[in-house]
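Colleague: I am new to this structure and would like to be guided through it. Could we take it piece by piece?

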Amino acid sequence: MRRLRNILDRIEPGFQEGGRWNRFAPLYEMVDTLFYVPGTATSVAPHVRDAVDMKRSMITVIIALLPALFFGMYNTGYQASPEAGFLQNMQTGVLAVLPLILVSYIVGGLWEVLFAVVRRHDINEGFLVTGLLLPMTLPPGIPLWMVAMGISFGIVIGKEVTGGTGYNIFNPALVARAFIFFAYPGQMSGDPVWSLADELTAATPLAAASSVQGADAVGLVSGAGYSMSDMFLGLVPGSVGGTSTLAILAGAALLLVTRIANWRIMAGGVVGMVATALLANMIAPASQNSMLSLTPLYHLVMGGFAFGIVFMATDPVSASQTNAGRWIYGVLIGFFCVLIRVLNQAFVEGIMLSVLLGNAFAPMIDYFVLQQNIAKRKRAYAKQ
Amino acid sequence: MDVIRLKKGHDLALQGQPEKQLFSAGRSTLLKIRPADFRGVKLKLMVKEGDHVRTGAPVLYSKTHPDLFFTSPGSGRISRIVSGERRVINEIVIDLDKTDSFEAFERFNEQSIASLSSERIKGQLLRSGLWPAIRQRPFSTVANPDIVPKAVFVSAMPTAPFAPDTDYLLEQDDRGFQSGLSVLKNLTGRPVHLVIGRNASHPLLTSVKDVVLHAFTGPHPAGNVGIHIHHIAPIRNRDDSVWYLSLQDVSRIGKLFLTGKYPVEKIITVGGSSVEKRLYMKVRQGMMLGDILRDNRYDENSRLISGDVLTGEIRMPEEPLGFYHEILSVIPENSDRPFIGWLRPGLRNYSVSNLFLSRLLNNRGAGLDTRMHGSPRVIIPFGNIESVLPMDILPTFLIKMIIARDIDEMEKLGIYECDPEDFALCSFVDASKMEISEIIREGLEYVEKNG
């Protein structure tokens, strides 16, 4: 380990002010602090600091994503050939999913470094999360160049152009997914895309539930061969990381215990979803729309709702940034998600659009919370 | 008396807690006055090198209030006046005589203090050099003698790491405390708010007169005066002034009026994992840190801090303890670079967050030193800074408005209620390693100058 430190120390002067490689200082900072915690000491009060930093925070999100990722790899193989056995399925899955992740990290990383060098700021660890989130929301067989296009759009337009890390309005991973979804719909929706095997076509549970007008959605889902437990475990067709509610819940538990994700957003999302779904259930008998009859539990385990509310909606930058605002923001996303699933069956997977809508409303929600805070302060001042 | 219960905050489990044993620092051969301790006043010299001064004799005065004196904490010869750039006075060194001779001030008994007029009190305080013990919010400056504040705050439940225990201080020396409070009441004619802990037991605290008594509980910064002001009499605008002072300075004011002499001593704590004897010490105002630690031992590679570790200032051994400081913290300097720190389980990483295993043991065994533990990044609002600020202030938005230098918005978001010391824990817990206290300080300085 000493040797690595020595190499880093030897090349450091080149990256400092006046050095040959000064322009690439962000790269050096990235590599240097990746291997060694920065050696800076405090120069002003407070003289002691908490051990928390951005690397630790972001790596915790990555760890929270791992159960869903590993399960997604297995499920990718399982959907292609259910009888192949665990190891074979895992191998198929790894071979299919790993390239997606690599492309996402490499192409996205290049953009990240380019912007860091040009705009002279350090490379932010948040990218590690974005780069992993995107492939987990895609169908396993998607062409790699589309992943490259998507992550490029997400990083450049979704993040850097709209303010850069910490200021972006929309969740960059979702912007990337939305770009692919609308630009290349043939590879992102419809029954054939969800399985690696060409001859297999499988409707996702959500697509099955909305397939026949006037029918009972729950019946349609079980008719398509999806049991409640299959959907909860995630052994159904869908995006790479989004099918297993169980694995996502494990990640959610870690995010909540470490308080990296705000519980109010998740709770709000579930409340909004349950309330809207119950409302839909009440209207269901009067309508031909099969999706209206889907109970909240089905909404929870089907499609990407769990993944979206746990990992996408909770991005602290694009979400509301006040506690009251986080509740409203969460409820709104849950509400939109069911609304889109039920009313607009062209986009039967509603969570992506509902989180993006939530992102769009977040600054406005915060604005009202801020006005409340200011008004409350005025009242307290007047009372004295 | 209602108890105001605060939940947000964090009591730092810092190693090297001072024990309740009182020692005297003895006599030193020289004292120093640091004009930089006094915020918001422009100071002019009244002495030159070689002059002899008595204890309580004026050394400096305020340019804007020529009757506001800053006086000598000892008797002796002015041996050196160190000035810096643009003739700013950095330090005044006084070589002490063997014995003290005191400047004579008016003496009163307890009954006559109760009926003293505001004018007489003000005159004596300004002349004696104890006026600067009274500070003013917003902006934490030396109190402006021309105004009448809306209230006076005395916080007697410090929660800062190593802060001297109020009950213990009063057990050691309770002279002057009640008289000091009466003086403050007569000086301003406005309510004097005394804030005590819920478990305060000293009879003087529970049967005190001439004050409005409040009790607070909660983790640090629940004991900070800024938090008390926020919950009792929030500052509405830049002209809405509140005065505040420490419990020991109240006692010193009382002693000044009871004895007619400038009181030079106070009790401080010495604590931290890098110092051998952690205890309470009686020291003289202006004593150098080296003299305070003369009979003590501390590691070579340690940082001396005048004040607590969250808000204090780095000082050399030959520099004096700050005028307002009642803590001397000695903590290890460290700039180690652990390999792949972000992946370690973190049993030895002190953290308020739940990101390290040390949290399961309540940070026991996790020491704190001067390391930053990370690189500076942009704001990512995880919510940790909000979790240690027991005020109805939205820190993330306030910080953004300060960075944007938007005075209107800063005012709306309550900048006048803020002080860097109340945001120290926000800097401590921030994952982006932003200097939040410093940003608040910049914001306050900006509105002070341009508002």
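**A guided conversation**

Modeller: Let us begin with a sheet in chain B: six strands form an open sheet in the order β2-β17-β16-β20-β18-β19, with mixed pairing. Please keep in mind that this is a predicted model.

Colleague: Which are the edge strands?

Modeller: They are β2 (22-24) and β19 (313-314) of chain B, each of which pairs on one side only.

Colleague: In what sense do β16 and β20 of chain B pair?

Modeller: Strand β16 (residues 265-271) and strand β20 (residues 327-332) of chain B run in the parallel sense, joined over three bridges. Within that pair, Thr269(B) has Ile327(B) of β20(B) as its bridge partner.

Colleague: Let us turn to helices. At what angle do α2 and α4 of chain B pack?

Modeller: Helix α2 (residues 118-128) and helix α4 (residues 177-188) of chain B pack at about 115°, and their axes are 8 Å apart. The crossing of α2(B) past α4(B) is left-handed.

Colleague: Which residues make the contact?

Modeller: On α2(B) they are Ser118(B), Ile121(B) and Lys122(B), and on α4(B) they are Val183(B), Asn186(B) and Leu187(B). By class, three residues of this contact are nonpolar, two are polar and one is charged.

Colleague: What follows α2 in chain B, and where is Gly129(B) found?

Modeller: Gly129(B) lies in the loop between α2 and β10 (135-137) of chain B.

Colleague: Is Gly129(B) buried or exposed?

Modeller: Gly129(B) counts as buried, because it has 26 C-beta neighbours inside 10 Å. Leaving aside residues up to four places away in sequence, Gly129(B) touches Gly56(B), Pro58(B), Phe69(B), Phe70(B), Thr71(B) and Tyr262(B). Gly56(B) is 73 residues from Gly129(B) along the chain, yet their C-alpha atoms are separated by 6.8 Å.

Colleague: Moving to chain A, why is helix α5 described as largely enclosed?

Modeller: Helix α5 (residues 126-136) of chain A is largely enclosed by the rest of the structure because eleven of its eleven residues are buried. Among them are Phe127(A), Leu132(A) and Met136(A).

Colleague: Which helices do the buried residues of α5(A) pack against?

Modeller: They pack against α3 (54-80), α4 (86-119), α6 (144-161), α7 (172-183) and α15 (305-312) of chain A.

Colleague: What domains is chain A divided into?

Modeller: Chain A has domain 1 (1-49), domain 2 (56-202 + 237-259) and domain 3 (261-384). The centres of domain 1 and domain 3 of chain A, taken over C-alpha atoms, are separated by 42 Å.

Colleague: And what does the domain assignment of chain B give?

Modeller: It gives domain 1 (3-14 + 105-259), domain 2 (30-96) and domain 3 (373-450). In chain B, 26 Å separate the centres of domain 1 and domain 3, taken over C-alpha atoms. Their contact brings together 20 residues of domain 1 of chain B and 13 residues of domain 3 of chain B. On the domain 1 side, helix α6 (residues 225-232) of chain B contributes the largest share, three residues. That side has eight nonpolar, nine polar and three charged residues.

Colleague: Finally, how many residues does the contact take from chain B and from chain A?

Modeller: The contact takes 61 residues from chain B and 49 residues from chain A. On the chain B side, β18 (302-306), α9 (395-403), α11 (424-429) and α12 (436-450) each supply at least two residues. Of these, α11(B) gives the most, with four residues.

Colleague: How do the residues of the side of chain B that touches chain A divide by class?

Modeller: They divide into 28 nonpolar, 20 polar and 13 charged.

Terms used. Residues numbered from 1 in each chain as written. Chains lettered and ligands numbered in written order. Predicted model: local features only at pLDDT ≥ 70, side-chain atom pairs only at ≥ 80, totals over all residues. Axes fitted to C-alpha atoms, helices over the stretch in contact; angles between N-to-C directions. Left-handed = near helix turned anticlockwise from the far one by under 90°. Contact = placed C-beta atoms within 7 Å. Nonpolar A, V, L, I, M, F, W, Y, C, P; charged D, E, K, R; others polar. Pairing = 2+ DSSP bridges. Buried ≥ 20, exposed ≤ 12 C-beta atoms within 10 Å, placed from the backbone. Domains from an automatic or database assignment.
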